[in-house]
Amino acid sequence: RVVDKYFKDGRFYLKKGKIVDVISKTKCSVITEDGKLLDEVSQPQLETVLPKTGGMVLVLIGEFKGQRGKLLEKDKQAEQAVLQMMGDMNIEKVSMDDIAEYVGGENDMLDA
């Protein structure tokens, strides 16, 4: 969700969307629910959504970038999440800032 009142003159403030490409550690491309493509959106302009425990996530940056996993735990104090990775079933700890809810199809969940 876009949380920057001044991004694109406020036209997308509080609009929900999906991250479709991660350009760098701090920039991404987002497609809004009404189909508008937003390029070069910076991390502070967005608020990511995390699923409830047991939900699926996509790792956006870091060592496991592009991998999907099941959210096992959230430690809000430490801002860490524990994931079971779909590819190798390993358990990994990542920053909550590095992940977002995965909204793709269930058949897409197996990593190559």
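Predicted model: local features only at pLDDT ≥ 70, side-chain atom pairs only at ≥ 80, totals over all residues.
Residues are numbered from 1 along each chain as its sequence is written, and side-chain values use heavy atoms, with hydrogens and water left out.

**View A. The largest pocket and its lining.** A pocket is, on a 1 Å grid over the protein atoms alone, an open set of points where a 1.4 Å probe fits, with protein on both sides within 12 Å along at least five of seven lines; lining residues have an atom within 4 Å of a point. The volume of the largest pocket is about 620 Å³, a volume being the space filled by probe spheres set on grid points joined across faces, edges and corners. Its lining comprises 29 residues, with Gly 17, Lys 18, Ile 19, Ala 100 and Glu 101 nearest the centre. By class, 14 are nonpolar, five polar and 10 charged. Strands E1 (17-22), E2, E4 and E8 (99-101) each supply at least two lining residues, strands (E, at least two residues) being DSSP runs numbered from the N terminus. The largest share of this lining, six residues, comes from E1.

**View B. The second largest pocket.** This pocket has a volume of about 220 Å³. Among the 14 residues that line the second largest pocket, Ile 19, Gln 43, Thr 48, Leu 60 and Asp 97 are the closest to its centre. E1 and E2 are the elements giving two or more residues to this lining. Its composition is six nonpolar, four polar and four charged residues.

**View C. The pairing of E1, E2 and E3.** Two strands pair if DSSP finds at least two bridges between them. E1 and E2 are antiparallel over five bridges, with Ile 19 opposite Val 30 in E2; four residues join these strands in a hairpin. E2 (residues 27-32) also pairs with E3 (residues 37-42), in the antiparallel sense over four bridges. Here Cys 28 stands opposite Val 41 in E3. The hairpin of E2 and E3 has four residues between the strands, and Gly 35 in the turn has a positive phi of about 90°.

**View D. Ser 42 in strand E3.** Ser 42 counts as buried because its relative accessibility is 15%, where buried means under 20% relative accessible area, exposed over 50% and partly exposed in between (1.4 Å probe, protein chains only). Not counting residues up to four places away in sequence, Ser 42 touches Thr 26 and Lys 27; contact means heavy atoms within 4.5 Å.

**View E. The largest nonpolar core.** A nonpolar core is a set of buried Ala, Val, Leu, Ile, Met, Phe, Trp, Tyr and Cys residues joined through side-chain atoms within 4.5 Å. The largest one has 10 residues, including Val 57, Phe 64, Leu 71 and Ile 99. Strands E4 (56-59) and E6 (80-85) give two or more residues to this core, and the largest share, three residues, comes from E6. Apart from this core lies another, of eight residues, among them Phe 7, Val 30, Leu 38 and Leu 46.

**View F. The hairpin of E6 and E7.** E6 and E7 (residues 91-95) pair in the antiparallel sense over five bridges, and Val 82 has Lys 93 in E7 as its bridge partner. Five residues lie between the strands of this hairpin, where Met 89 takes a positive phi near 65°.

Conventions: Nonpolar A, V, L, I, M, F, W, Y, C, P; charged D, E, K, R; others polar.
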